[in-house]
Every structure is written in C-alpha cells, then in structure tokens.
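The exercises below are to be worked through with the sequence and the structure at hand. Each task is followed by a solution in steps.

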Amino acid sequence: KWVLIDGSGDYVIGGFDGQNFTVETDKRKGDYGRNFYATMTFQNMPKSDPRRIQLAWMRGWNDYPKDMPFNQQVTFPCELTLRRLPRGVVMCRYPIREISRIWGEEFSLQNHTLKQGENPLSEIKGDLVDIEMALDIEQSTCSEILFDLKGNIVKYDLQHNIFESVGSRASLEPRNGLIEIRILMDRLSVESYGNRGEVSITNIAYQKDGKASLKLTAVDGLAHIVSLKARQLNSIWE
C-alpha cells in the first residue's frame, strides 16, 4: 500500500500504479496534537533496514519563549507502520528503537494495583523522560489514569475511552483488554502515543517551575498496571 500525507499530517491509504494514485480509505488523522506539520520521511535508509521513519515540524512561533536561542523544533523520529484494526487499516507512528541508546536510569513496576493517593513516580527526577505503561482496563475500577508531568497532564478516561495529552484528545479503544501509553517528555514538548502508535499526539508544552517530580494517579478507584517503565533520558548531544 501507499500512503499520501498532507501538510497537517492527515493521510489516506491507497494504491499507486506508477502514474495514478487510487484512494482506498477515508482521510484520517496522522497526529491529534496542535503542533504537527510538514512531515518528512527518510528516503536513503539502507536496503537492510526497510523502515519508514518520519519527522514533523512542531510549528508554533508564538508558543515558544522569545528569550530562547531557537524557536520551534522537530518531533522525535517515529517509525510508520500499517496495522489492521477493527475500523480498518490504520497508519501508526511510534518512536524509533534507537531511543534505547539514550536511556538512563530506569524505574519499573510489574502487576501493580495503583491506589488513590499513591504516586509510584515520586522519585523520578530530570527534565527528559520516556514513560511506557500497560493498563488492564478490565481489572481497573478508576475513572481515569492521570500523569502530571511537571504541570502538563496526560490521561486516559476509562469510562469514555478518551486519550488526552496536554489538552488534545483522541478516541482510543482497548486492545485485548489493555491500553498502552507511551510518553516522551522534553523540556518544551510532550509527545504521547496510544496503543503503540495507533494514536499520536504532539504538543509544545512548558515544564512548570517548582514541579520537581512526576505524578501518576488513579482517579476515583484502583488502576491495575500490568507494566510501567519510566526512564530518564540523556542528551543526544553528549
């Protein structure tokens, strides 16, 4: 299949015979965030590595501090794949595996029931973090599972199956009773992914002063966490 992507990242899937593109799907969102535009993919990947890797421009001139030495940025590189879901074939985008080269200290949990008032991320420090979580929906009684990332909120509404990241929302259905959430937190951005890239949300997001730690909260009930990994990230320049 071929994928045709417009400036905002929205896409259609179809066939291409060398001259004509035939649309086979409706137009779909490539990313649900406010700051996603002008995507590009690498054309010079080696033949031994057929992945399609995408970057996008996180546009938003007025969203950045004017005392910064730069304005605007690109997203973290993501691999594009096509997956067949109940609603049809969907393009998914998910951080490339090479992120493991900058992983630092890791905190992890397995098969943990998160109670109200408990915060397993209380000891996580730093401005750069990669978080992965799998949540068992069927064994959870909470209304929401909520991350507070130095003042920026990423959450999943279990009652309405809504994934929200820094104010941008998308529908996200459980798969085999699970919801998977991935979050990349940088100093001026939060990039969130639902169910291994079935949903992607890219937003410029300032870290709030005085917010030293991260929080993970179960709202109005218990959350059964199948797995949780929070990794501090090293700079790509060092």
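**Exercise 1. Overall form**

What radius of gyration does the protein chain have, and what value would a compact globule with 238 residues have? Then describe the make-up of the chain.

Solution. 
- Step 1. The model is a predicted one.
- Step 2. A compact globule with 238 residues would have a radius of gyration near 18 Å, and the protein chain has 18 Å, so the two agree.
- Step 3. Along the principal axes, the C-alpha atoms fill a box of roughly 60 × 45 × 35 Å.
- Step 4. The secondary structure comes to 19 strands and zero helices.
- Step 5. Of the 238 residues, 48% count as buried.
- Step 6. Among contacts with a separation of 6 or more, 59% are between residues 24 or more positions apart.

**Exercise 2. The six-stranded sheet**

In what order do the six strands of the open sheet lie?

Solution. 
- Step 1. The order is S9-S19-S10-S15-S16-S17, with antiparallel pairing.
- Step 2. S9 and S17 each pair on one side only, which makes them the edge strands.
- Step 3. With direction ignored, neighbouring strands of this sheet are turned by 10° against each other on average.
- Step 4. Take S10 and S15, an antiparallel pair: eight bridges join them. Asp-136 stands opposite Leu-178 in S15.

**Exercise 3. The nonpolar cores**

Which residues touch the most other members of the largest nonpolar core?

Solution. 
- Step 1. The largest nonpolar core has 35 residues, and Ile-131 and Phe-147 touch the most other members.
- Step 2. Elements that give two or more residues to this core include strand S9 (103-114), strand S10 (129-136), strand S11 (144-149) and strand S12 (152-157).
- Step 3. Leave aside the neighbours of Ile-131 within four places in sequence. Ile-131 is then in contact with Leu-121, Phe-147, Leu-149, Ile-181, Arg-182, Ile-183, Leu-214, Leu-228, Lys-229 and Ala-230.
- Step 4. A second, separate core has 11 residues, including Ile-53, Phe-76, Ile-102 and Tyr-193.

**Exercise 4. Positive phi**

Ala-38 and Lys-150 are to be set side by side. Where is each found, and is Lys-150 buried or exposed?

Solution. 
- Step 1. Phi of Ala-38 is near 50°, a positive value in a residue other than glycine.
- Step 2. Ala-38 is found in strand S4 (residues 37-41). Its relative accessibility is 30%, so Ala-38 counts as partly exposed.
- Step 3. For Lys-150, phi is near 55°, again positive in a residue other than glycine.
- Step 4. Lys-150 has its place in the loop between S11 and S12. With a relative accessible area of 6%, Lys-150 is buried.

**Exercise 5. A polar residue in a loop**

Which side chain forms a polar contact with that of Asn-161? Place Asn-161 in the chain and describe its surroundings.

Solution. 
- Step 1. Asn-161 lies in the loop between S12 and strand S13 (162-165).
- Step 2. Buried means under 20% relative accessible area. Asn-161 has 16%, so Asn-161 is buried.
- Step 3. Its side chain is joined to that of Glu-173 by a polar contact of 3.2 Å.
- Step 4. Not counting residues up to four places away in sequence, Asn-161 touches Tyr-156, Ala-170, Ser-171, Leu-172, Glu-173 and Pro-174.

Key. Residues numbered from 1 in each chain as written. Predicted model: local features only at pLDDT ≥ 70, side-chain atom pairs only at ≥ 80, totals over all residues. Heavy atoms only, no water. Core = buried A, V, L, I, M, F, W, Y, C linked by side-chain atoms within 4.5 Å. Buried < 20%, exposed > 50% of the residue type's maximum accessible area, 1.4 Å probe, protein only. Helix = DSSP H or I, 4+ residues; strand = E, 2+ residues; numbered from the N terminus. Contact = heavy atoms within 4.5 Å. Polar contact = N/O pair within 3.5 Å; in protein donor to acceptor, adjacent residues only side chain to side chain. Pairing = 2+ DSSP bridges. Axes fitted to C-alpha atoms, helices over the stretch in contact; angles between N-to-C directions. Rg over C-alpha atoms; globule rule 2.2 N^0.38 Å.
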